Amino acid sequence: MANRGHSQYRGIKRKSHFSITLYIFLLFVFSILVFFYYTKDIVEDEHKNVLVSEKKKKKEHQFEENEDNSVWEASPSHGLHPCIKPTTKYKAALGWNRYLTVKSNGGLNQMKTGIADMVAVAHVMNATLVIPQLDKRSFWQDSSTFSDIFDENHFIKALRGDVRIIKELPKEIESLPRARKHFTSWSGVGYYEEMTQLWKEHQVIHVAKSDSRLANNELPLDIQRLRCRALYNALRFSPPIERLGKKLVEKLRTRAKRYVALHLRYEKDMLSFTGCTYGLTDAEAEKLRVMRENTSHWKIKVINSTEQRIGGFCPLTPKEVGLFLHALGYPPSTLIYIAAGEIYGGKARLLELTSLFPNVVFKEMLATPEELREFANHASQTAALDYLISVESDVFIPSHSGNMARAVEGHRRFLGHRKTITPDRKGLVEIFDKLEAGQLDGLSFSHLVRDLHKNRRGAPRKRAGAPPRVGGRARSRLEEPFYQNPYPECICSSRARVRK
């Protein structure tokens, strides 16, 4: 009886173990099924999210590409190309026993264009040109010599077929009396042909100033092309400047595919000279007034800042430049190289630009202290670096129409009408003021800015003359400078190139 009960108990125990095992197995299978079911939904959701994300990124990338094309692309050149070879009637100047010495004046680009003019003047007067002396008394107090900034040997060789150039006067000529002349600004060939009468009494003519000594227009084609050969081919910068300039451009290219060179002419000397104090504190404005008062060669001492700004004679402020770039459609990530010296007001003033466009760099951020050491305290040499980087930029934008702005624009036109946007400062003042007063929303502001500048983006066009009913010396002063736009004399069309 006892054995039978014990056997039943063992049977029940075995069934109980089997039931538990089966239950656990079924629970495990069920858990696996549930796991795969929900995992499938999660995977599908994640896959969908990835697809949506990729599509979104693709759209954003396509949008960026479209946006890039609209703000970066230069206008079509329509087959235009540089043409600076002389005509078949052209003859080189010999000038073996007649010498022209030159004292260049102004900053880098004022001297550079002036030297190109002196090459042409030496040709017209059939003179030997002595390597010009550079201005060491200008505002920048730069002690650089010609060979510090330019490749002297290349300059001489490149113009060998045009003008005889020597490094210094022969010793037997140095002691001879010289005719000292201030040639008249914007003169034509006839004027310099008359000046050849000076050779009857003098073997050496010394030119006290070199800037703007030749007319912009109505000069023989060969003279205009000689000016271009001198400026764009012969006046190459010294090897150290060329090497570092190329290196800095390469560094910019590693940071971004494209970059804007911004000639932010918001330095103390420019604001003082123009009398522009908009947006400055009373203390900052007073410092500018004192500087202008103490600079002897600046003739105008009392300037109405408001009238200057309304007339479009003031450089754009860093804040205005930021608003301008944003209105044109440049994204906040745009790489901007500042081609300028120290910004008046320092980092606080520059913040008005970098708050909208944080990707801003100066040469000091690209080059090492060792690389810049040999150029320290030589404003013309550092300006040459800015010039090279600006010429090679994808877009060049000057905040003021000074000598560098005009020279870079002309060089970029010569090289194929690279995109250059010249702000209409007079027109922008009205738009900026309306935005400040709350009379415009962002969309309207952008539309007005873009419309105002649709024909100011470096597209090919012939050089502009003076306004109607303007004559005399004022006419030459108001013409578009030759070196700002050397078209049509140094830029030609070619049907073969157009077809290509």
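Me: Contact here means heavy atoms within 4.5 Å of each other. With that in hand, which residues is Phe155 in contact with, once its neighbours within four places in sequence are left aside?

Reply: Quick housekeeping before the case itself. This is a predicted model, where local features need pLDDT of at least 70 and side-chain atom pairs count only at pLDDT 80 or more, while totals for chains, interfaces and linings use all residues. Residues are numbered from 1 along each chain as its sequence is written, and side-chain values use heavy atoms, with hydrogens and water left out. Now, Phe155: its partners are Ile115, Val119, Ile131, Phe146, Ile165, Ala234 and Leu235.

Me: How do I read a nonpolar core, and which residues touch the most other members of the largest one?

Reply: A nonpolar core is a set of buried Ala, Val, Leu, Ile, Met, Phe, Trp, Tyr and Cys residues joined through side-chain atoms within 4.5 Å. Buried means under 20% relative accessible area, exposed is over 50%, and partly exposed is in between (1.4 Å probe, protein chains only). In this model the largest core has 79 residues, and Phe155, Phe183 and Phe237 touch the most other members. Helix H2 (residues 108-124) is the top contributor to that core, giving ten residues. A separate core of 37 residues lies apart from it, with Val260, Leu271, Ala327 and Phe445 among its members.

Me: Can we zoom in on one helix residue? Where does Ala407 sit?

Reply: Ala407 is in helix H17 (residues 403-414). Its relative accessibility is 6%, so Ala407 counts as buried. Beyond its neighbours within four places in sequence, Ala407 is in contact with Asn109, Tyr387 and Tyr483. As for Val391, 16 residues separate it from Ala407 in sequence, and the C-alpha to C-alpha distance is 9.5 Å.

Me: What does the link of Cys83 and Cys492 tie together?

Reply: The S to S distance for Cys83 and Cys492 is 1.8 Å. The torsion about their S-S bond is about 75°, so this disulfide is right-handed. Cys83 lies in the loop between strand E1 (81-82) and strand E2 (99-102), and Cys492 in strand E11 (residues 491-492), so the pair ties together parts 409 residues apart in sequence. Both Cys83 and Cys492 are buried.

Me: Which hand do the other links take, Cys228 with Cys490 and Cys276 with Cys314?

Reply: Cys228 and Cys490 have sulfur atoms 2.1 Å apart, and with 100° about the S-S bond their link is right-handed. Cys228 is in helix H7 (residues 221-234) and Cys490 in the loop between helix H20 (472-478) and E11, 262 residues apart. For Cys276 and Cys314 the sulfur atoms are 2.0 Å apart, and -90° about the S-S bond makes the link left-handed. Cys276 is buried, at a relative accessible area of 4%, and Cys314 counts as buried at 9% relative accessibility.

Definitions and conventions:
Helices (H or I, at least four residues) and strands (E, at least two) are DSSP runs, numbered from the N terminus. A disulfide is a pair of cysteine sulfur atoms within 2.5 Å.
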